[in-house]
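Please have the sequence and the coordinates open together. The paragraphs below go from one element to the next and then turn to single residues.

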Amino acid sequence: MKKEKALSAHAVILAGGRGTRFWPRSRTRTPKQLLNIVGEGSMLQQTVSRLTPLVPAQRIWTVTNEEQASPLNRQLPVAARKHVLAEPIGRNTAAAIALAAIHVRHAAGGDALLAVLPADHYIAQPTRYREIVRAALDEARKPGHMVVLGIPPTRPETGFGYIERRGDSVTAKGAPIFAVACFKEKPELGVAKEYLASGNFHWNAGMFFWRVSTFLNALKEFLPKTHAQIEELARHMGKRSYAAKLKRIYPQLENISVDYAILERATRQSGEPRVFVIPAEMGWSDIGSWAAVHELLAKHPTENIFAGPGHTLDAEGNFLWSPGKYVAAIGVTGLVVIETPDALLICPRDRAQDVGKIVKALEDRKHKKLI
């Protein structure tokens, strides 16, 4: 029997989001993933740093938009800068991954393994993260297998999608792997409590692993129009016509997430399971709002978090980010205060999810300098 050629592993970092809930620090050209929110370096730099012991910088690909491509490039290792893919228009994750897949196939000269990862998540345990990623890539080596990471829930969270697992686990490189029964939308609180109590549900962290061929075959099966268009674009790679073809073809791709387009549909089919989940306890946070940053940094819920020097009197549970000034807070509880040279955000921590609505209002009012 002919031995299969070893597959190289590539990472695709999805970095096109605007991070509107991190306004006023996050702006169109300097979104959340390019900022230092927690830890050392920007969220993008932390993502790359976690990966490079597993995937060398020359095999890291970053998908972003044209406005963010230049500042993003400056944050990447030199070897990864040639692999920044700028979308001419946002078309959600199915299109972004498809674009990266044809580039990886071209660079690898055939099939390869893909790890698809968000640019702006926090991982407290990078060593454990790499162990899990290694196990996921090993499972994804099997033709037709698609692997997702599932975060064991710690609370009945209504802001995340869920993954339901089924059956008994098998073990790959020390990690348990389960077949996926289905993906669930963001639930109501009562349903989220049921998910937590069952023990069979995990938060969907948006981390996916598969072969390039597995993904493109699934794209052809579930989004045939997008597959045909992306393969047409692939025929122009390395040619002068590529840039013009990208601008013409990309806006025509279906605007849909990979979860809806492929993974959910694949789990609904009968026969052998195609989608698998690895429970991933690794200190994960999507850091989805300023309130989440406080939760991550505070040793207890009542602790006040400062960006610089400050003092409080009868105040607790506040997140006060004004690194250039001494901050004094008296008699306030659970506030988020974020200062930049041209804007000041003040809101209760439990309203931090609504910060994106401010950005929408600024857009409607044509305050371009503030977004």
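Which residue just after helix 11 takes a positive phi? That residue is Lys366, with a phi of about 60°. The model is a predicted one, and the values below are computed from it.

Helix 11 itself spans residues 355-364, and its buried residues are Val355, Gly356, Val359 and Leu362. These residues lie on the same side of helix 11, because the arc they cover around the axis is only 110°. Strand 17, residues 343-348, is included in what covers the buried residues of helix 11.

Leu320 has Val337 of strand 16 as its bridge partner, and Trp321 has Ile338 of strand 16. On the other pairing of strand 16, the sense is antiparallel: six bridges connect strand 16 and strand 17. Here Val337 has Ile346 in strand 17 as its bridge partner. Strand 16 and strand 17 also form a hairpin, with two residues between them.

Which residues of strand 16 make up its covered face, and which its uncovered face? Val336, Ile338 and Thr340 belong to the covered face, whereas Leu335, Val337 and Glu339 belong to the uncovered one.

Arg25 is found in the loop between strand 1 (9-14) and helix 1. Is Arg25 buried or exposed? Its relative accessibility is 14%, and because buried means under 20%, Arg25 counts as buried. Leaving out residues up to four places away in sequence, Arg25 touches Thr30, Leu35, Asn36, Ile37, Trp290, Trp321, Ile338 and Thr340. The C-alpha atoms of Arg25 and Leu345 are separated by 9.6 Å, although the two residues are 320 residues apart along the chain. Pro24 lies in the loop between strand 1 and helix 1, and a cis peptide bond with an omega of about 10° joins Trp23 and Pro24.

Asn318 has 0% relative accessibility and counts as buried. Apart from neighbours within four places in sequence, its contacts are His294, Glu303, Asn304, Ile305, Val332, Thr333, Gly334 and Leu335. From Asn318 to Asn304 the C-alpha to C-alpha separation is 4.7 Å, for 14 residues in sequence.

The loop between strand 11 (284-285) and helix 10 holds Ile287. Ile287 is not a glycine, yet has a positive phi of about 45°. The relative accessible area of Ile287 is 0%, so the residue is buried.

Asn92, in helix 3, is another residue that is not a glycine and has a positive phi, here about 70°. With a relative accessible area of 37%, Asn92 is partly exposed. His103 also lies in helix 3, which covers residues 92-108. At 12% relative accessibility His103 counts as buried. His103 touches Trp61, Leu85, Met237 and Tyr242, with residues up to four places away in sequence not counted.

The last stop is a pair of helices. How far apart are the axes of helix 1 and helix 4? The axes of helix 1 (residues 43-51) and helix 4 (residues 126-140) are 9 Å apart, and the helices pack at an angle of about 60°. The crossing of helix 1 past helix 4 is right-handed. In the contact, Ser49, Arg50 and Leu51 of helix 1 meet Pro126, Tyr129 and Arg130 of helix 4. By type, the residues of this contact divide into three nonpolar, one polar and two charged.

Key:
Residues are numbered from 1 along each chain as its sequence is written. This is a predicted model: local features need pLDDT of at least 70, side-chain atom pairs count only at pLDDT 80 or more; totals for chains, interfaces and linings use all residues. Side-chain values use heavy atoms; hydrogens and water are left out. Buried means under 20% relative accessible area, exposed over 50%, partly exposed in between (1.4 Å probe, protein chains only). Helices (H or I, at least four residues) and strands (E, at least two) are DSSP runs, numbered from the N terminus. The arc is that of the directions from the helix axis to the C-beta atoms. Contact means heavy atoms within 4.5 Å. Two strands pair if DSSP finds at least two bridges between them. Axes are lines fitted to C-alpha atoms, for helices over the stretch in contact, and angles run from 0 to 180 degrees between N-to-C directions. A crossing is left-handed if the near helix is turned anticlockwise from the far one by less than a right angle, and right-handed if clockwise. Ala, Val, Leu, Ile, Met, Phe, Trp, Tyr, Cys and Pro count as nonpolar, Asp, Glu, Lys and Arg as charged, and the others, Gly among them, as polar.
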